[in-house]
Amino acid sequence: MNRAPGVPALELRGIDKRFGAVHANRGVDFSVAAGSVHGLIGENGAGKSTLMNIVYGFHRADAGEMLIHGRRVDIHAPHAAIAAGIGMVHQHFMLVENFTVLENVILGVERGARLAASLAHAREELKKLAHDYGLEVPLDAMVSELPVGVQQRVEILKALYRGAEILILDEPTAVLTPQEAAQLFQLLGRLREQGKAVIFVTHKLREIMAVTDRVTVMRQGAVVAEVATAETSVRELAEKMVGRAVLLQVEKGPAQPGAARLAVQDLEVRDRRGVARVKGVSFEVRAGEIVGIAGVAGNGQSELLEALAGIVASSRGEIRLNGCDLVREELDARARRGLGLAHVPEDRLRMGVVAAFSAQANAILGYHDRPAYNRGLLLDRTAILAGCEKKMAGYDVRPPDPELRLASFSGGNQQKLVLAREIDADPSVLLVGQPTRGVDIGAIEFIHRQLVALRDAGKAVLLVSVELEEILGLADRILVMNCGEIVGEVASADATEEKLGLMMAGVRGEGHA
Amino acid sequence: METYTLIVLTLAATLRVATPLLLAALAGMFSERSGVIDLGLEGKMLGAAFAAAAVSAVTGSAWLGLAAGVATALTLALLLGYACITHRGNQVVAAMAVNIMVAGLGPTLALAWFGLGGQTPQLDGAGQRFRELVWPWAQQARDVALPGLLYAELLSGHSLIVYFAAGLVPASAWVLYRTRFGLRLRAVGENPLAVDTAGISVNGLRYQAVLISGLLCGVAGTYLSTAASAGFVRDMTAGKGYLALAALIFGKWKPWPTLGACLLFAFTDALATRLQGVALPLVGVIPVQFILALPYALTVLLLAGFVGKAVAPRAIGTPYAKEK
């Protein structure tokens, strides 16, 4: 392909797409130069994914045209995109888990009907690619046995093996540890040096600032800005994304902690295979404070939270809620709720809601047996409806339609409804896991304010999050977990990202050394 | 008869009983590996059994019967594919509908065409059935001790379809693990989205898989009515399609273990036939009903107890639809 200098690797002109009543892309112009990393940001539902799916041939645009290296192309299906040199690394990896790396790489681009030749050829090619890009992966390992970061490299290798010149990465860091993310950023640098055009789709502004050359901001299906990264700032991008000024830092006064509400002593939790995931942790959460638990995902925070909520059993130790030993009393999740222990689970869709139910049904889940919602044997539908309307109004859930299926709400609005449900029950302790996972930046601000307000109302809040910024912004005290143990405790005033990062990697901090 | 003659004869019967099971189980393997539950094995086999017997009875040619059986099963497979793949219908419901429809349609058509109370005429003309092939020297070898008997009864003396089924096991394994088609088939049953993003048609692959299933069910059904017996009778599959599905699960959707499962089921069946009326030490004569229930009881026990670790193709039963 002969390339005139200055002609973008990929150019979109006037892309328009509707899904029924939803106008997902409104006349989008977008272009990416070869040898650059181009950020694409926007809130959930801003139309980024639709645009990228059009580029990859998953959806067809209603109007508009697409040029690759200045030539008009018609991408009607993924195989046409692959042929045109477009590769995409999806947020949820498109890998067959019980295949080897090699089998995954050749899937769809086999050479001939028999596999042996294809596998041998791919092995050679991948060795070359691994050398060129520093992308070492074990070729004969099952994908399911590889860490997430390595699986992502397999996806990138897959695209490169197909000869991708334009590489789309959709929310690539959502599943990565900070270290893995750093490796990915280095890789993006190498791809840029090799002349690839990289499109980096994310809603994390700091990542945009760290790795991109230019950035395009989308809002409500349209492009609202396209700037050089060096000439903009996180604050400016956030405002463009949301369409108004955003408070990135939560405003909160000093904590005024009172009596201990939740006291955990030597708690151990084992998983189904009998492996200890939480290894004898002890801590307290007092009234009027937010205690944050930081850590790389998978270091026992999830198990800890579920054990506290009564979803999984603990194998040793005690959990006291206002002095009552929940473990010895053998109280289950429901009984714990009854005693004032509310829980916003990490995995909203799996544990927090029933997506197929209406919003009003979801707004009473777990509290459906409360007298307020019942009249004799039957549910009091009027009260449930009124309760849901009140919660929706109070927590700015949009659209405020109690009849709508929960699945039709955006992640942020789902989360606001869950939060409303749990806080409305007036708990003395609130357990919150990943409160802003999959939540828009505008809703994040709202959720953070609610948590601080709850603290100021004298409740105890235990916050588990893998987003360091969130922990730093909200928590009054920070506990760091590594391999199932609390490796350190820091007052939020003394906490820095570097300090926490070291502890998250297992270096012991003060207090528990 | 001497004991070992009895054993060899039971094993030979095992092979004959196993053949339709194996064909159906491998048919199911292709379909299910692509992500389409194949509960319609029973109906496709039964339809093929009827068509094969009917055409063979009319034309006098077992081969034309086979063609008709295969064509019928392919048609039913296409019907299922249209409902479950193109229109993303519920695979279980659609398959059960086909099973029930065929169970009624076969005898009804037989009654209308042949007036024999829902059966097809006896196939006793030359060339109307797939006869046992007797290998060279089989008669003579029978008298030469055990190896000769094994040769005569186990290797020789089966219809062509039995050998076809036996050859199909390595062939299926080769296709599944060594070819491009096999790779894609396994992938589409695990993660159809990955296949779609790799630029391969998910529905195209699933149609191919479902058609292979139809083809093999056609052969299995033809075997039942023109080789194992001489004509079609009502409900002649007698749950073999479901038993094949059980064997497939027990065999973890892999060709060789599935062969083992089919042989095991067939062996209990052959044994049950042998044990009828035989006084066993300690227990005496077991009522025939118990003996006949043996293969099915074994199925339940095996599926309950031994296949806990069997992992089905991940996308099985889920119609593929792009988001939005």
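In this predicted model, strand β1 (residues 10-19) of chain A runs antiparallel to strand β4 (residues 63-68) of chain A, and 5 bridges join the two. One residue can be followed across this pairing: D16(A) has A63(A), in β4(A), as its bridge partner.

The pair belongs to an open sheet of 4 strands in chain A, whose order is β2-β1-β4-β5 and whose pairing is antiparallel. At the edges lie β2 (22-32) and β5 (71-73) of chain A, each of which pairs on one side only. From one strand to the next, the twist averages 30°. Helix α1 (residues 48-55) of chain A packs on this sheet, where it touches β1, β2 and β4 of chain A, and its direction makes about 65° with that of β2(A).

Chain A also meets chain B, with 20 residues of chain A in contact with 17 residues of chain B. On the chain A side, helix α2 (residues 78-83) gives the most, namely 3 residues. The residues of that side are divided by kind in the table.

| Kind of residue, chain A side | Number |
|---|---|
| Nonpolar | 12 residues |
| Polar | 4 residues |

Turning to chain B, its secondary structure consists of 13 helices and 4 strands. Its radius of gyration is 20 Å, which agrees with the value near 20 Å that a compact globule of 324 residues would have. Along the principal axes, the C-alpha atoms of chain B fill a box of roughly 70 × 45 × 40 Å, and 49% of the 324 residues in chain B are buried. Among the contacts in chain B with a separation of 6 or more, 76% are between residues 24 or more positions apart.

Methods
Residues are numbered from 1 along each chain as its sequence is written. Chains are lettered from A and ligands numbered from 1 in the order in which they are written. This is a predicted model: local features need pLDDT of at least 70, side-chain atom pairs count only at pLDDT 80 or more; totals for chains, interfaces and linings use all residues. Two residues are in contact if their C-beta atoms, placed from the backbone, lie within 7 Å. Ala, Val, Leu, Ile, Met, Phe, Trp, Tyr, Cys and Pro count as nonpolar, Asp, Glu, Lys and Arg as charged, and the others, Gly among them, as polar. The radius of gyration is taken over C-alpha atoms; the globule rule is 2.2 Å times the number of residues to the power 0.38. A residue is buried if 20 or more other C-beta atoms lie within 10 Å of its own, exposed if 12 or fewer, and partly exposed in between; C-beta atoms are placed from the backbone. Two strands pair if DSSP finds at least two bridges between them. Axes are lines fitted to C-alpha atoms, for helices over the stretch in contact, and angles run from 0 to 180 degrees between N-to-C directions.
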